[in-house]
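Reader: Hi, I'd like to go through this one with you and ask a few things as we look. Could you put it up first?

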Amino acid sequence: MQFSTLFFVAAFLPVFIFIYGIAPDVKGKNIVLLLFSLLFYAFSGVPGLVLLLLMTFLGFLSARIIAKIYDAAGLYEHSFAAIDEEFEAPALTERKKSATKKANIVLIATVAIDLIVLGIFKYAGFFMELFKASAGNTVTVPSLFLPLGISFYLFKLISYVADVKNGKCQAADFFHVLLYTVNFHEIAQGPITRYPAMEKALDDRQQTTVLFSEGMWRFTVGLFKKTILADHSGKLAESFLPVILEGHTMTKGGVLFGSLFYMLQLYLDFSAYSDMALGLGRMCGFIYPENFNYPYLAGSVRDFWRRWHISLSSFFRDYVYIPLGGNRVPFYRQILNLLVVWALTGLWHGGSLNFILWGLYYFAFIVLENISRRRNQNKKQSIASLPVRILGHIYTLLVVYLGWILFRFTDFHTLGTVLACLFGPMKEAFLSAQERLTLFNNLYFLLVSILACFPIGHGIMQSMETGVRQSFRSEKREKDMLDHEMRMYAGERSMHDQYGNQALSDVEADDYAAREQESHEHAVKRLEGRLRIRTRERGRREWTFYILRALLGLVLLFLSVLSMAGQSYMPFLYNQF
């Protein structure tokens, strides 16, 4: 089951939200979330669910063993504090070293088992194909099913055991570990949320109306991006440049626009699933970290990977690159560490040589940018001018654009043919008649898809939301000023009633009190008028924002449901001419 299916949107999600909403407390909500997550995963196959339960139990057991090792050594009493070994007891130092060594063995064994399981189900076919090619195509390659989200949940379990080993979180019970692993918000396509980031929310979170509303909006936007923009971009990419070129007359324009639509499809598809996952989390009171930050705005390849699939990049940084030495080693070792990280990054995306080539492709550009940074790090840097920043964006987009071509074609012969057509001389017309018609009929769609890759719509909605927040602050400020005036006048009246004013006669004192009361009433009237204005302004902005967002959300949801139901909306939406 996927988020972008009619069954999920029309049946699974509403039933879940209703039952989750009536659950009395966090414990009850966790039980509902776990049961629905297991049901969600069971739709992908019971064998896959059994495997997930086994691997989750392995992660739970490994973390428990590490916790017992640390507890026996007394490390939890010191909360993993960095104590100067010169002043701590020699026995404690020896226990710490012994416990750390044992914990490392448990962690390494767990990671090895996880990677072996991942290799069997995700990469066995890849390695068997290589063996088959070397054996002269005489070996029958067995086919294995690919469990849903196996890369994501195994990486989550590895990070959990590693975080327990490093003292970043306590070992949890099996219920919490299973809920963290199988949570249907993230199981299919991430993000790879760390257990310490979810630990508190698992037992203490609030499901507010505002958070639920934000979650619904985020989910609806993601659903629209997936069903309308990403899916149609994929169809256009296949129309201009099919993965299997047999029987297709390739043109230079077809390669250019087919690769462009594929570039759009990848971002819109992946970011859409992240939007839906983050939206589902907010509906349940969880705040998951952002996974995509408009990567096509990046000004360098390094910046691109800080914005693209952030949870995966940070996983390789924290659990591979830094343990290998990171930037604390000589430069040649740093390059070797980067080579390992990018080879694994490419391999993680799929069992094919083109994915490894794609990872090494980015490794080359990262190394070149690191060399450039090292050469300039001792020089006085100035803020880059606008033309330099524009050139940086263009360079990054070109690198990413060519990278997605490497990513798309698993067959190297097809890849070579596509690259030869792209960079070679133009032998045919730039676009065929059918391609010109297809492009002409989808110009508006292309424009909308490109705009969806940049924070234009998000900026408009955020600006409106900021205006609502500012109106709340303005209203509160006026209330505080009114309360201050009331308190100050009450204090003055109390002082006057208690001590009076001995320098004035009774008549003068009464006249002074009357003037003070008149001034106070005038101030109160003025502040109340300002408060009414601020309240009306806040209400107008608030209702405008929420009504506009609700109406827009309903429109996006309606179009998405039409798409999922297979209705014929294409002449209305795509054929603008």
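Reader: Okay, so how many salt bridges does the structure hold?

Author: This is a predicted model, and the structure in it holds 19 salt bridges.

Reader: Which residue does Glu186 meet in a salt bridge?

Author: The side chain of Glu186 meets that of Lys156, with a distance of 3.1 Å from N to O. This pair links distant parts of the chain, since Glu186 sits in the loop between α6 and α7 while Lys156 belongs to helix α5 (residues 150–165), and the two are 30 residues apart.

Reader: And is Glu186 buried or exposed?

Author: Glu186 has a relative accessible area of 0%, so it counts as buried, the cut-off being under 20%. Lys156 is buried as well.

Reader: Let me jump to Arg534. Which residue does Arg534 form a salt bridge with, and how far apart are the closest N and O atoms?

Author: Arg534 forms a salt bridge with Glu537, and the closest N and O atoms are 4.0 Å apart. Because they are three residues apart in helix α19 (residues 506–565), about one helical turn separates Arg534 from Glu537. Arg534 is partly exposed at 26% relative accessibility, and Glu537 is also partly exposed, with a relative accessible area of 22%.

Reader: Which residues are linked with them in a network of salt bridges?

Author: The network links Arg534 and Glu537 with Glu478, Arg530 and Arg541.

Reader: What about Arg317, which residue is its partner in a salt bridge?

Author: The side chain of Arg317 meets that of Asp318 at 2.8 Å, N to O. Arg317 is partly exposed with a relative accessible area of 43%, and Asp318 counts as partly exposed at 22%.

Reader: New topic: at what angle do helix α2 and helix α3 pack?

Author: Helix α2 (residues 26–42) and helix α3 (residues 46–72) pack at an angle of about 130°, and their axes are 8 Å apart. That angle makes α2 oblique to α3.

Reader: Which residues meet there?

Author: From α2 there are Leu38, Tyr41 and Ala42, and they meet Val46, Gly48, Leu49, Leu52 and Leu53 in α3. Of the residues in this contact, seven are nonpolar, one is polar and none is charged.

Note on methods. Residues are numbered from 1 along each chain as its sequence is written. This is a predicted model: local features need pLDDT of at least 70, side-chain atom pairs count only at pLDDT 80 or more; totals for chains, interfaces and linings use all residues. Side-chain values use heavy atoms; hydrogens and water are left out. Axes are lines fitted to C-alpha atoms, for helices over the stretch in contact, and angles run from 0 to 180 degrees between N-to-C directions. Helices (H or I, at least four residues) and strands (E, at least two) are DSSP runs, numbered from the N terminus. Angles under 35 degrees count as roughly parallel, over 145 as roughly antiparallel, 65 to 115 as roughly perpendicular and the rest as oblique. Contact means heavy atoms within 4.5 Å. Ala, Val, Leu, Ile, Met, Phe, Trp, Tyr, Cys and Pro count as nonpolar, Asp, Glu, Lys and Arg as charged, and the others, Gly among them, as polar. Buried means under 20% relative accessible area, exposed over 50%, partly exposed in between (1.4 Å probe, protein chains only).
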